[in-house]
Every structure is written in C-alpha cells, then in structure tokens.
Amino acid sequence: MSHLAWAGQAYPAFSVAPMLDVTDRHFRYFLRLLSRHTLLYSEMVTTGALLYGKQPERYLDFSAEEQPVALQLGGSDPKALAECAQRAEQWGYAEVNLNVGCPSDRVQNNKIGACLMAEPALVAACFQAMQAATSLPVTIKCRIGIDEQDEYQHLEDFIGQVAAAGCQIFIVHARKAWLKGLSPKENREVPPLNYQRVYQLKREHPDLVIALNGGLTDLDQCHTALEQVDSVMLGRAIWQHPWLLAQVDAQFFAGPESSLTQHQAIQAYLPYVEQRLLAGDRFNPMLRPLLGVFQGVRGAKQFRRYLSEQGHRAGAGPEVIEQALALVPSSLD
C-alpha cells in the first residue's frame, strides 16, 4: 500500500494501541526492547490533566528509548487541544492523536471520545487548531459509528469533513460504539467487527492513510489486513501476549528478527527498573509488562504468581524479577 509521509518517513505499518492503565512508560519501554520500529502510544491524557493538573509532567514524561511514541489526547476544546499539541512537540513526541473513540460515560460527560463522532465539524475544528499549533503529525482515532449512526455513509461523512480540514491519517476501530448501555469493556467485544467498512473507506480515499484497529489477535490477521489498509494497530493482544512484538520488525518493517530470548529481554529491562526506582517510581507497576511474556511456556504460571505475591512487598526490587525468572526454564525460550 502507498503511505503518506509521517514525521519525515513512511507511516508505520504496525502500532500498539493506547490503553488506559496499560500503555504507561514502563510497558512502552519493555515493548521497545522487542521491536525497534513499532509505533507506541501513550494512555489517553485529557487536556484538563495537562493544563490544570498538579503534575502534568507525570503524564508526559517518557524515556528517549521509547521513540517513536505518540501522545493521545482527550478533549473537545480546540484552544486547549492546540496548547496540549504544542506541549507534545516540546516534550519530544513523534505524533499527537485525538481520541474520538472512547465510549465511557466519564469521558462522554466531558465531551471526549466517541461521542464526538456526532460532531464532525467540531472534530475538524479541533484538528485544525492542533495542526496549526505543531509541526508534528496530528492523527484521529475513531470508531466506524456510534449508536444508530451505523451506516457507511455516516462514517464517510465524518471522515470526509475531518479530511477536508486537512487530516490525512485515521486509525479506525472497526466496531461502532454504543454510548449508552454498554461498558467500555463491552464496547470492545459486543458490537460486531466490520473490517469491510474500513477497507471500503481506504478504497474510496486512497489519498488518506487508514489504519485498522479492533479484534486483531495474531500477525497472520495483520498481514491479511495490510492487503487492504496502510497500517494495523493491536491492543489487548499485545497486552496479553507481548512476545508477539518480537516478530514484528522482521515481518512488517524489513528489519532483523529480534535476537533476544524471553529471559534476555527481561534481563535487559532490569537496568531500567533500577533507574526508575531511583527516580521514585513504584516497583509494582513496573512488573505488569512482564506478566504475559511467558504465555504458553512451562513455568509461566509460577512466574506470574511470584511477581504478584512478592512485587507489592516493602523494599521489593529487581531481585524479585530475577527470582521469578529462575522459575522458568531458560532452555524453553
């Protein structure tokens, strides 16, 4: 597929979705040990948290090794979003993304997320304000529809108006969102997937970069999707099975295959853990990226249990990870 320029290069063919309480700096750092080229996303950060929160740097900070990393913003005020886009550039992000897909009640009440699909003119104004404020690529992540707005024409109208404002890159979750009656978790599982609608969008807008998100669980599915769209985004599959990412550079970026074993990748993560502990970060959240690494390997259950039982104890540190590693035979990497 043809790709538009993104940060001076082709738009990445593979990315990891922004996920609340998942894609924090620790998870991103560990994933970067597995893939050099995958585009990584922050958790969604609201404009209010950045502009009026007590410690906005805690939402923005990341390690240089994580790049390329994109900041996802939640908001609907063009001026506030523009200011936050400027901060994203000042902080060194590679992209800034506007969330037009989150269906939770909490964000709807603040006019954030999927409810904005009903207001394409407002999203277009938000995009224009953000893009005018930064030289970074500004992208939109949306659904294929909301509530009763569930025909292709509704999606076409939304994309058309925002593209007319200058947006060239859309990440489309191939499910509609029910704004009332379903939880965020149910909105990731209950509305049926409709990849054909996203594929049609790309066919009818060959000039746009269209990335497919939603329901992809393995790399074979991703290759199939890339015959129709420009990029794929995986979320929960990477959270549950992060070792998938070790194959991505070779399969999607013509890069070398990762030479690390699971044990070696976790050992390579330990200096980062020590550094962040010295910086005052809590230890337990740094364990979460490791819980799925040995998925399907003998000893994985004992590994997870040891981290879960020992990681919260006072004074726990990298030795807990090393002790847990000893429970998994290294010959099985």
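In which loop does Ser63 lie? The model on the screen is a predicted one, and this residue is the starting point of the tour.

**Stop 1: Ser63**

Select Ser63 and display its side chain. Ser63 is found in the loop between α3 (57–60) and β5 (69–74). Because its relative accessible area is 9%, and under 20% counts as buried, Ser63 is a buried residue. Tyr29 deserves a distance label. Although Tyr29 and Ser63 are 34 residues apart along the chain, their C-alpha atoms are separated by 7.4 Å.

**Stop 2: Pro68**

Remain in the loop between α3 and β5, where Pro68 also lies. Display the backbone from Gln67 to Pro68; the peptide bond there is cis, with omega near 0 degrees. Most peptide bonds are trans, and most residues other than glycine have a negative phi.

**Stop 3: Asp147 and Ala254**

Select Asp147, in the loop between β7 (138–143) and α7 (152–164). Asp147 is not a glycine, yet its phi is positive, at about 45 degrees. Then move to Ala254, in the loop between α12 (248–252) and α13. Ala254 is not a glycine either, and has a positive phi of about 55 degrees. Is Ala254 buried or exposed? With 79% relative accessibility, Ala254 counts as exposed.

**Stop 4: α7 and α9**

Colour α7 and helix α9 (residues 195–204). Their axes come within 11 Å and cross at roughly 45 degrees, which means that α7 is oblique to α9. The crossing is right-handed. To see the contact, show Tyr152, Leu155, Glu156 and Ile159 of α7, together with Arg197, Gln200, Leu201 and Glu204 of α9. Sorted by type, the residues of this contact comprise four nonpolar, one polar and three charged.

**Stop 5: Glu186**

Select Glu186 in helix α8 (residues 184–187). Glu186 has 33% relative accessibility and therefore counts as partly exposed. Leaving aside neighbours within four places in sequence, Glu186 is in contact with Gly181 and Pro191.

**Stop 6: α14 and α15**

Colour helix α14 (residues 300–310) and helix α15 (residues 318–325). What is the angle at which their axes cross? The axes of α14 and α15 cross at roughly 155 degrees and come within 9 Å. Because angles over 145 degrees count as roughly antiparallel, α14 is described as roughly antiparallel to α15. This crossing is right-handed. On the α14 side, the contact is made by Phe303, Tyr306, Leu307 and Gln310; on the α15 side, by Val320, Ile321, Gln323, Ala324 and Leu325. These residues divide into seven nonpolar, two polar and no charged.

**Stop 7: The buried face of α15**

Keep α15 in view and select its buried residues: Pro318, Val320, Ile321, Ala324 and Leu325. Turn the model to look down the axis of α15; these residues fall within an arc of 155 degrees, so they line one face of the helix. An α-helix has 3.6 residues a turn, so residues three or four places apart point the same way. Finally, show what covers the buried residues of α15, which includes α13 (262–278) and α14.

How values were computed. Residues are numbered from 1 along each chain as its sequence is written. This is a predicted model: local features need pLDDT of at least 70, side-chain atom pairs count only at pLDDT 80 or more; totals for chains, interfaces and linings use all residues. Side-chain values use heavy atoms; hydrogens and water are left out. Axes are lines fitted to C-alpha atoms, for helices over the stretch in contact, and angles run from 0 to 180 degrees between N-to-C directions. Helices (H or I, at least four residues) and strands (E, at least two) are DSSP runs, numbered from the N terminus. Angles under 35 degrees count as roughly parallel, over 145 as roughly antiparallel, 65 to 115 as roughly perpendicular and the rest as oblique. A crossing is left-handed if the near helix is turned anticlockwise from the far one by less than a right angle, and right-handed if clockwise. Contact means heavy atoms within 4.5 Å. Ala, Val, Leu, Ile, Met, Phe, Trp, Tyr, Cys and Pro count as nonpolar, Asp, Glu, Lys and Arg as charged, and the others, Gly among them, as polar. Buried means under 20% relative accessible area, exposed over 50%, partly exposed in between (1.4 Å probe, protein chains only). The arc is that of the directions from the helix axis to the C-beta atoms.
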